[in-house]
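Visitor: Please show me the structure, and then let us discuss its features in turn.

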Amino acid sequence: MSSPKLATKRTESPATAARASTTPRRHRTRHAEARGAWILLAPYLALFLVAAAIPIGYAFWIALQKAPTLVDPTSGFGGFDSFITVITDYRFSGTFINIFSVMIVWLPLMMLGIVGLALLVHASPGRFGSSMRFIYFIPGALSGIANFVLWVYLLHPTQSPLAPLWQEVGFGSLKEIVTDGNMPVILTGMLFFQGVGTWIIVVNGGLNGIPDEIFEAAKIDGASAWDLAWHIKLPLIRPWIGYAALMNLAYGFQLFLEPYLLRQISSGAIAGEWAPTQLGYAFAFTNRNFPAAAALSIILLVITLSIGVIIVMKSGLFGDDKEEKR
Amino acid sequence: MSNTAPSVVGAKHWTVGRIARIVVMLLVAAAFILPIIGFIAMAFRSQEGVLAGTDGFLGLGGISWDNVVFSWSQINGFGPGGGGIFTRWVSNSLVIAVVGGVLALVAALPAGYALARLRFRGRKVMLFATLLAMVMPNTVLAIPLFLEVNAIGAVGELWPVAVIMGFFPFGTYLVYIHFMTTMPQELVEAARIDGLSEIATFFYVALPISKQVIALVAFFSFVANWTNFFLPLALLTSNQQNKTISIGIQELIGASPLFNATVAAGLDVKLYMPQLALATFLSMIPLLVVFLTAQRFLIRGQTVGAVKG
């Protein structure tokens with residue numbers, strides 16, 4: 001039996017009882033069940049192979065090849081040379097410093113925003129709370145390029161509704177606003193605006209899962225709204241907060257669109273290889289050094305997969321037992 | 001209880017804390033909604049009005065339908081041989097997002113059902129792989145996917161993009177949760193006793209009770225496909241006719257005199273902020289339609305637990 005824990009938790013129905021009593025027949029149904037399962041899984045499995053397993057395996061294989069150069073156009077097994085090429089590239093550490101410089105500003109604000117607003121929404125029952133939650137979600141609908149164009153509009157020193165502010169600070173052109181030094185703040189704004197609403201709904205879902213009796217009991221004990229939020233709700237939604245933090249952390253490593261396009265609108269004030277993904281893009285499409293591009297992808301994959309493993313194993317949100325109960 | 005203890009928090013007293021909470025929430029709401037109103041207004045303004053700065057609060061005084069007609073002529077005039085590339089990009093996105101979404105449904109429904117309600121060796125591994133793929137940011141795989149598609153010589157074609165987007169582990173997870181919560185194991189057992197095969201049980205028992213999750217998976221995969229940027233950028237940039245709207249808008253930005261005077265000087269059309277805002281606004285309409293269609297299924301949002309960026 002593949003999952004005895006699940007089976008024992010299930011209420012014994014006449015069907016399972018009958019099946020358990022006739023062992024040979026049960027064996028046959030087991031077999032049919034497994035075969036049926038794999039048939040049902042087949043389309044998904046095929047896509048999983050094509051869109052995840054094979055490209056990862058292939059990238060690994062490519063990364064171990066030698067990059068052909070003009071002097072030596074042969075390719076072949078190159079061992080870990082391409083990984084060394086990537087790590088010793090003069091831009092490599094800089095790209096990670098760049099995204100860390102954003103994450104230091106963005107992640108704390110993001111978590112504060114998510115948790116704070118989710119708690120505020122949860123403390124506001126009725127129509128007001130739900131309409132606020134809906135409004136907070138709207139920017140999330142503008143994800144990707146749409147959010148970016150919106151921010152170009154907001155950042156433009158003369159055409160933005162914030163133009164007086166920009167001029168007050170002394171910014172006269174986009175080139176003066178979109179600089180390396182301002183990147184953490186700009187990206188924080190973009191990512192916060194587009195991401196916070198979805199996560200408020202996620203954390204709010206966690207809060208709604210807390211039984212009302214707990215709050216009733218605390219209120220009878222004389223807890224204020226603040227006590228309730230700080231001492232009761234916050235500890236109970238810790239798994240959701242951890243989940244949000246790690247997901248956003250993983251997201252930070254794969255930033256691409258925003259720095260890529262910020263370079264475009266700032267006439268190149270931002271480096272073309274600002275983020276690690278951009279460096280990979282440059283290896284693939286500018287240098288045509290596929291082994292190096294693959295090696296960098298593998299490095300990013302290991303980082304985000306590790307974060308993913310922590311999320312799945314440790315957050316406590318994806319356990320089989322929990323799903324069974326819900 | 002509330003009768004005996006009327007001073008309980010949340011009663012109808014305008015305490016300082018309560019006022020502060022409402023004020024903070026309204027301020028945040030304003031900060032979220034005003035930029036969007038201003039941006040949509042921008043799509044209805046004219047470059048002259050924007051430059052003159054006479055359109056009033058958020059530019060709402062400068063909106064008119066004539067501006068939209070003019071801006072559309074500029075957007076639609078963009079592209080080689082008299083333009084029209086914008087609509088081509090939109091239809092490419094529609095094809096990719098719909099085909100990808102249908103593939104996601106075809107794969108996720110039986111897979112999620114099998115993971116939730118059938119027992120077989122390898123179930124835990126598949127579930128773990130699905131969760132892992134779901135929480136992993138999809139941009140990380142774009143270069144490996146490019147290398148794969150390049151190896152079979154299909155870079156620049158639409159179908160590999162649609163097939164890749166058909167892999168939607170979040171959809172499988174949603175279906176898994178759906179059957180875990182709404183379909184009792186007894187129903188599966190009963191179907192077996194009635195002599196239905198595992199496949200038939202899925203089609204005749206599980207599928208008919210899956211309307212809600214079908215809407216959810218279709219919605220989330222459509223949105224994810226529509227807004228995906230890096231994958232189409234890596235796979236389709238080489239073929240201008242096959243670009244999607246998300247990377248098409250990037251091309252419009254690149255052709256705007258606001259950011260690139262040299263490129264813009266060589267164009268017949270002028271893409272200023274109102275035109276870029278209108279192009280973006282138009283590109284959002286399919287998402288809006290899908291959202292409004294799926295809305296009543298989205299309200300029960302507990303399972304929305306794990307939307308990935």
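Predicted model: local features only at pLDDT ≥ 70, side-chain atom pairs only at ≥ 80, totals over all residues.

Visitor: Where is the kink in α5(A) centred?

Guide: The axis of α5(A) bends by about 35 degrees.

Visitor: Does A:Ser267 count as buried, partly exposed or exposed, and why?

Guide: A:Ser267 lies in the loop between α14 (257-265) and α15 (276-285) of chain A. Although not a glycine, A:Ser267 has a positive phi of about 50 degrees. Burial requires 20 or more C-beta neighbours within 10 Å, and exposure 12 or fewer. Because A:Ser267 has 15 such neighbours inside 10 Å, it counts as partly exposed.

Visitor: Is A:Arg288 buried or exposed?

Guide: A:Arg288 belongs to the loop between α15 and α16 (290-314) of chain A, and its phi is positive, about 55 degrees, although it is not a glycine. With 11 C-beta neighbours inside 10 Å, A:Arg288 counts as exposed.

Visitor: Which helix of chain A gives the most to the side that touches chain B?

Guide: In the contact between the chains, 89 residues of chain A meet 89 residues of chain B. The largest contribution on the side of chain A is 23 residues, from helix α3 (residues 23-63).

Visitor: How many residues on that side of chain A are nonpolar?

Guide: The side of chain A that touches chain B includes 23 polar and 6 charged residues. The nonpolar residues there number 60.

How values were computed: Residues numbered from 1 in each chain as written. Chains lettered and ligands numbered in written order. Contact = placed C-beta atoms within 7 Å. Helix = DSSP H or I, 4+ residues; strand = E, 2+ residues; numbered from the N terminus. Nonpolar A, V, L, I, M, F, W, Y, C, P; charged D, E, K, R; others polar. Bend = angle between axes of the 7 residues up to and from the residue.
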